[in-house]
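Trainee: I'd like to learn how to read a helix and a sheet in a model like this one. Could you walk me through it?

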Amino acid sequence: MRRSLFSKSVLTVICAFVALFARAQSLTVDAPNVVSAGEVFQIVYTVNADVDNFNPPTLSGLTLLAGPTSSRMQSYSNVNGKSSSSLELSYTLVVRAASAGKAKIGQASVQVNGKTISCRALDIDVVAGGNQSSGNQSSHQNSQSQDNDQYQSQNRSSNGTISDTDAFLSLNLSRTSVVKGEPIVATLKLYVKNVNIAGFEDVKFPVFNGFWSQELEVPQNINFTRENYHGQIYNSAVLRKWVLLPQKTGSINIDPAELVCQFQVRVGGGRRSMFDDFFSDSYQMVKKRLFTKQSTIAVKNLPSPAPADFGGGVGQMQMKVSLSRDSIPAHEAGSITVELSGSGNLNLLEAPKVNIPADFEQYDVKTTNNYSNGAAGMSGTKTFEFPFIPRSEGVFEIPAVTYSYYDIKAGKYVTLSSGPLSIKVTKGSATGGSAVISGVSKQAVANLGSDIRYISNASSRFSSRNSMFVGKAMFFVCILLLAALTWLADRMLVRRARLRGDVRRRANRRANKVANARLKQASGYLAKDLGSAFYEELHKALLGYISDKLAIKFSDMQRDTIVETLEAHKVEKEDVDNFISLLDDCEMARYSSASAYENSAMNAQYMKAVEVISSFESKL
Amino acid sequence: MKYLMSKYSFKVLAGAALAMIVLVIFPYGASASSETDMLWRKGNDAYSMGDYSVALENYLSIEKLDKVNEHLYFNIGNTYYKLGNTGKAILYYERCLKLNPANQDASVNLEIARMGATDKIETIKGVIFVEWIRSIRNAFSSNQWCLGGFVLLLVTALLFLVYRHFPVLGIRKLSFVLSCIVLVFAIIAFIFSASLKAVANDTSYSIVTASHSNVKSAPNATGNNLFILHTGTKVRTIESAGEWSRIELADGRQGWITSVDIEQI
């Protein structure tokens, strides 16, 4: 129960709010912003609802002449069965500006359904010496709704000419000293005073050479507002408004704008009757060419040196860097988005440098603009998208993206930096369900850059310029030394060989002698009939002779070597056989019993040995 | 026994000879002082830090002491290249290659540096056989050829001794033939070594180091301009007259150039 009550009350409040906002009441005020001293004008308050009570504003510097007088306007309409009604209540105050200076209109408020609605306070410039007639009612009306053809103003000139102070063109520049790329707002305005304008012709807008220009306002209707221009009240109209971005440095001239204006000028002058206005054509069309003055803008260059990552931006900017996905399968497309937001020359920004890993396939940068033109250049965002396709798995680090712009307010370069980004590339899904075994796509090792080879770090000896050995004295000394050494070695070898030859010859020569001595000894033993000693001596004599004669070492004294050596020396087979049989006999006798020695045999063997040795002696 | 003795003494002799040659060749002219070593290390450190102008200063002060080698020239070339002075870089790479034509790094870097040179001059190719011989010669430095020549000469001597004293006739014949062949190779090695030395001492080639220079028809400023040479171009000087040098390009064109615009390799 309580709950339903609560919900009902909430519903009621919501309904009330809906009803309230469905017909939002507002109180608007309308008054000229510039008047001349002593001028009588109206202040009109309008409210679109039934009003319980109107609290008039406090006035300072103004004298209230009449009012507030209220008027009520109500209308009903039925369109296609839908009926709507509107109600407008207006309160008019007629005041006079007392003296030159600032006049203030305080806050006024109305009470609608017990609710107070108030409207803003106004400041009004009161200009001394204005020529506005107090009787000219139309000028006090809402000047915003007036068209130039309907504009009425008392014509002071009666001689048919328009002076430069009556009508002129002016190009207002928001700044005349800027840095390159800093936005300037240029406003082309027409100022008139006391003349009627019938029309324009031949409008030539300035060509902004050296600037990137963009039209901000291209009004279809020329709306005049009152403006205080150097203490004079003029009716001014904005013809066109541009935003300019200087593209070069130095002082740049802006060519004058031109326009031919047609004025309605009353002719005749003198005595005027009230009929003249109706019956005689007392107005004359006067054409006058209006120019703006040539204006000059001093453009300074941006301070140098600019940071390496300066992208041409001038203004105020923020940067947001994001990856489309933090984790991405290999061979699928991803992107890094750099969003630059703020105000300034967004249209002229260059893409920041993003170091996408070299292993990724990279594509062209996609640029998306989302900004609107305004007094501060462009404001909004500019988005750079860097598409890529990773080709291998792993975790890749993308270094922080840095971007510099020139901050006009701070007067220095500001570097924006994102943190380093990390992207994880997972294994790509197999393409399709086919049974084909897909290998890794092979690719050549790509050169990322080229450079000269690194310096030599060899700890090297330095030498005077001509350090090549060949052809120097030392070179020839070395060659001679080598030749001398070779010669020396040769001599040494020759001498050694000769010495060895001597030893052999001596042994050869000695062989017979030694053999003879041994044979003599053996014959002695034979005479004494000492068989064992005889055979020993005979064996020694035979072997010693052969050893000395043929230069065979005692250790090599085998039967086969002896036979081979003898045959090599071309000894007759008979002698060799005799020699071998003698050796056999000696060896057999030496190791047999003493009783076996026969004197006759020993004698025969002795004779045979002498014979063999003498035979060898003649041949070896 | 005596035989063994003789073989042993032979080895000792050969070893002594080789050791002597090595000892004589290598320390020859090597006079590394602590000053040059310090400058060298400072230069290398500065280069690795990317401070090329400081590196260059150190390297050049070694060169000013008249102490050079191929590595120094190579590093100076690299430093000039990094400083953007293509002409000087080419000059020093050429100087490095003049000392050791077998320096691969210098050839590679010279190729890279030449890409930055403006002038493209068609060189007249020699006979293929001569080019081939030259490429063999350039495979080693002069001192390497010289050392190789001595080693071959030593082998010749050993083979000669074998021929003279080995008892087996067949081996003696073989070693004689071999010793003759090896001697021919030793002589070729010495010829290559001498030829490389001649190349290194050849002062006739220069590199244009001025950014551009007018080549005139006569050794005075009023002569007709024949052509313009840019930095990095190799020219051969034929003669000099005062401040002018008569030069010839690789394609055979000749003219006079102011001597300050070129620098001898």
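Mentor: Start with helix length: the expected span of a helix is 1.5 Å times one less than its number of residues. Keep in mind that this is a predicted model. Helix H4 of chain B, residues 70–82, has 13 residues, and its first and last C-alpha atoms are 18 Å apart, close to the 18 Å expected.

Trainee: How many of the 13 residues of H4(B) are buried?

Mentor: Call a residue buried if 20 or more other C-beta atoms lie within 10 Å of its own. By that count 12 of the 13 are buried, so H4(B) is largely enclosed by the rest of the structure. Among them are Glu70(B), His71(B), Phe74(B), Gly77(B) and Tyr81(B).

Trainee: What covers the buried residues of H4(B)?

Mentor: The cover includes four helices of chain B: H2 (34–48), H3 (52–64), H5 (86–99) and H6 (104–115).

Trainee: And what follows H4(B)?

Mentor: Look at Gly84(B) there: its phi is positive, near 90°.

Trainee: Now the sheet in chain A. In what order do its three strands run?

Mentor: The order is E24-E32-E29, in an open sheet with mixed pairing. Strands E24 (327–329) and E29 (394–398) of chain A are the edges, each pairing on one side only. On average, neighbouring strands of this sheet are turned by 30° against each other, ignoring direction.

Trainee: Are E24(A) and E32(A) parallel or antiparallel?

Mentor: They pair in the parallel sense over three bridges, with E32(A) covering residues 421–426. To find one bridge, go to Ser327(A): its partner in E32(A) is Lys424(A).

Notes: Residues numbered from 1 in each chain as written. Chains lettered and ligands numbered in written order. Predicted model: local features only at pLDDT ≥ 70, side-chain atom pairs only at ≥ 80, totals over all residues. Helix = DSSP H or I, 4+ residues; strand = E, 2+ residues; numbered from the N terminus. Contact = placed C-beta atoms within 7 Å. Pairing = 2+ DSSP bridges. Axes fitted to C-alpha atoms, helices over the stretch in contact; angles between N-to-C directions.
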